[in-house]
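Take a walk through this protein, from overall numbers down to single residues. Have the coordinates open as you read.

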Amino acid sequence: MMKKKNSTLALTFLLLFSTLLSACGGGNLSSSAATATQPSAKTGDSTAAASPAETAGLTGTLNVQMIGGFTEEDKTDPKTGLKTTGVRVLKEEFEKLYPGAEVNFVLMGWDSYNEKTQTMLQSNAADVYQLPGIATFAEQGLLEPLQSYIDRDKFDLDQYFGGQVEGWKAMGPEDTDLQIYGLPFIGDTRVIVYDKKIFDDWGVPYLSKEPTIEEILEKAEKMTGKNPKTGEQNYGLTFNKSDAADTVMNINESKGGKWGTGFLWKDMELEFNTPTMVEALDLLKKAKEYAPEGVLAGQGAENFLTEKNNVAINLRAAPGFITDIKANGTEDRYDAALLFVNPEEKMGGMFAGSPFSIGKSSTQKELAWEWLKFSSSDFFQQFMWDNYRNESTPVVKASTEWASVKEIPQMSVVLDAMGRLWAPRYPYRSGQPRYILSENVEKALLESTSSQEALDKAQKDAAEWIVSQK
């Protein structure tokens, strides 16, 4: 459980957010949007909002906190000239649906977002919260459980991609099993991305849609060396050092392993040093042989997704790659494949993104619930996709029929990946065990210790930290 901040820090944050609220949440955050379109006036499916008769009594101010590169007003990137429509459009549409409501945004960046959100929840500074760290706040009893609202309104959870609702389940202080404290509104995932031109140059068949780690290593080895057509040095693959522990965990899953069991710290048992985890780390060490020399320093793959690229495979790419290849004019050159899954559970990979939740102390819970439903509508989801594509992948099944999604071939893999993520997500990543595992995986990759020794230490240190939380 997150420790309470001292009163001086809490007061400082409270004053900061009071100022933000009075300014209606207008931030100066830069947007990573790729386009600047406004969705049509349609409001999406029937579950997005109640009828006017049902909402006649819903009035008042709704304060909505959002985290990331969001801006309330429209803006133009001075470097690229790309225009972004501000989230004012969401405010205007919601206020049209609920004439007695007024939406105020509290917009913040990702810096210290958990600490800031903690202060906001404790001071009732908003009604709706974007909570990627939902487990921490649910455990403290700071969030409103949603099942009664879902049942009352017969809200259709099946409209979301498989696993999206389950991925954000959490436990409150009185819960004996996982409950729904948030609904997904931002999707995220990871996929394997590869350069078809390099495969063609070497005469290597493209990756399968669901490759094994062995297939990747075999093909990466064949494409490491002097390119037979260009004469340039090629590398079979690359990976991000900061994601290495998640990659090891995902390879482990493909071998039948899992992260552990439990959800709350008091119930958690980790499986960081099992035989399949050791095998997975050894396989990533093998993969390093086909990567640029500076891979652990974040070097050697700077041109990936461009025409000048010399690396065949990226083991773990975010969905934002589709924006990059469009900007670089390389849409036809790069393709994507799925991450690995546990053969029994049929799940694999870190669950990510963000849900919307309602603060337990909110005085506008019914209006807040309508906002959560609104976030599932075609209007809301298409607005996010069109304007904040690097922030958000759609979480609703209806998106597979959008023309703007269909025109991107790689999106079929991205959306497939969304439904395969491990859910509920890895709870150990909500605390220190995440960093302990990462640190020890990195040591093994640097050859300063063996895979077994590194993972034994990760298991020991992380288990001791968990005991200290009980």
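A residue is called buried when its relative accessible area is under 20%, exposed when it is over 50%, and partly exposed in between (1.4 Å probe, protein chains only). By that rule, 56% of the 470 residues in the protein are buried. The model is predicted: local features need pLDDT of at least 70, side-chain atom pairs count only at pLDDT 80 or more, and totals for chains, interfaces and linings use all residues. Numbering starts from 1 along each chain as its sequence is written, and side-chain values use heavy atoms, with hydrogens and water left out.

Start with the overall build. The protein has 18 helices and 14 strands. Both are DSSP runs numbered from the N terminus: helices are H or I with at least four residues, strands are E with at least two. The accessible surface comes to about 19,300 Å², computed by the Shrake-Rupley method with a 1.4 Å probe; for residues, only the protein chains shown count as cover. Carbon and sulfur atoms hold 49% of that surface. Now take contacts, meaning heavy atoms within 4.5 Å. Among those between residues at least 6 apart in sequence, 77% join residues at least 24 apart.

Gly-260 illustrates sequence separation. This glycine lies in strand β10 (residues 260-261). Its relative accessibility is 6%, so Gly-260 counts as buried. Tyr-426 is 166 residues away in sequence, yet the two C-alpha atoms are 8.6 Å apart. Setting aside neighbours within four places in sequence, Gly-260 is in contact with Glu-269, Leu-270 and Glu-271.

Next, a helix pair. Two packed helices are described by the angle between their axes and the distance between the axes. Helix α11 (residues 275-288) packs against helix α17 (residues 432-445) at about 50°, with the axes 10 Å apart. Axes here are lines fitted to C-alpha atoms, for helices over the stretch in contact, and angles run from 0 to 180 degrees between N-to-C directions. Under 35 degrees is roughly parallel, over 145 roughly antiparallel, 65 to 115 roughly perpendicular, and the rest oblique. α11 and α17 are therefore oblique to each other. From α11, Met-277, Leu-281, Leu-284, Lys-285 and Lys-288 meet Leu-437, Val-441, Ala-444 and Leu-445 of α17.

With a relative accessible area of 0%, Ser-377 is buried.

Finish with the backbone. Most residues other than glycine have a negative phi, and most peptide bonds are trans. Ser-112 has a positive phi of about 50°. It lies in the loop between β4 (101-108) and α4, and at 41% relative accessibility it is partly exposed. Asn-124, which follows α4, has a positive phi near 55°. Lys-154 also has a positive phi, near 50°. That lysine belongs to the loop between α6 (147-153) and α7 (164-167), and is exposed at 71%. A cis peptide bond joins Ala-423 and Pro-424, with omega about -5°. Pro-424 is in the loop between α16 (411-418) and α17.
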